[in-house]
Amino acid sequence: MLVDGGTVDQGVPIRQYLTRRGVQHLDYLVNTHPDDDHMGGLETVVQQFSVNVFLTADLPDDLQPQSALYASLLQTMERRHVLQKTAAAGDVFALGSAQVEVLGPITMADDTNNNSLVLKVTYGETVFLLMGDAEEEEEESLLKSGVDLSADVLKVGHHGSNTSTTEELLEAVHPEYAAISVGQDRNNLPKKKILQRLEEAGTALYRTDLDGTLLFGSDGKTVEVQTEYE
């Protein structure tokens, strides 16, 4: 399973990385939400690898992506015979010996970030929580739902923006590790407030801008972290 594809210029590096790791096929390709920095590189991936299912969140009509980039992605998937499906909270599917549960979005929001697919991946006794670009509004709905958010590894929402990773969420997740996918940009992410919040929570933090590629390996009982640069 590949979750999101970065900006369009990241398509080739992702393709090269997956090839180097021996990937030839994807059971699932997930786009948490159709912002350019999450789906831009996906078409390059679909062109290279066979894909069974493309999963997206159900969006209100006024948030349906209209960009040429997204239209081209859909055309490529049709040509490559990829099954396109919307995922909803409560959906569960197997990924090898792991289980993937869709936790959110629980309700439709009026922006794409708060309609992000939130995924909980469980392998044995280890749990990974992938937050997409979910902001405080979606975090609050997850907390109110009563769903179990505890996880060993938290993929921090919205690249470490102030809009996400509330104290209440961190208390519920209580992650041992946190990963922030971030590069140099005009928003100066991640924000100091979020970094301090993670530090105060006792979470070991890893960042792609400082640590390179982040690898969180699990044997079903414990999680091991490695980093690598190209």
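Me: Why is Glu-140 called partly exposed?
Reply: Glu-140 has a relative accessible area of 40%. Buried means under 20% relative accessible area, exposed over 50%, and partly exposed in between (1.4 Å probe, protein chains only). The value for Glu-140 lies in between, so Glu-140 is partly exposed. This is a predicted model, in which local features need pLDDT of at least 70 and side-chain atom pairs count only at pLDDT 80 or more, while totals for chains, interfaces and linings use all residues. Residues are numbered from 1 along each chain as its sequence is written, and side-chain values use heavy atoms, with hydrogens and water left out.

Me: What makes the contact of Lys-144 and Glu-140 a salt bridge?
Reply: The N to O distance is 3.2 Å. A salt bridge requires a side-chain nitrogen of Lys or Arg within 4 Å of a carboxyl oxygen of Asp or Glu, so the pair qualifies. Both residues belong to helix 5 (residues 136-145); because they are four residues apart there, about one helical turn separates them. Helices (H or I, at least four residues) and strands (E, at least two) are DSSP runs, numbered from the N terminus.

Me: Why does Lys-144 count as exposed?
Reply: Its relative accessibility is 68%, which is over the limit for exposed, so Lys-144 is exposed.

Me: How do you know that Arg-207 is buried?
Reply: Arg-207 has 16% relative accessibility, under the limit for buried, and therefore counts as buried. Its salt-bridge partner is Asp-209, with the closest N and O atoms 2.7 Å apart. Asp-209, at 31%, is partly exposed.
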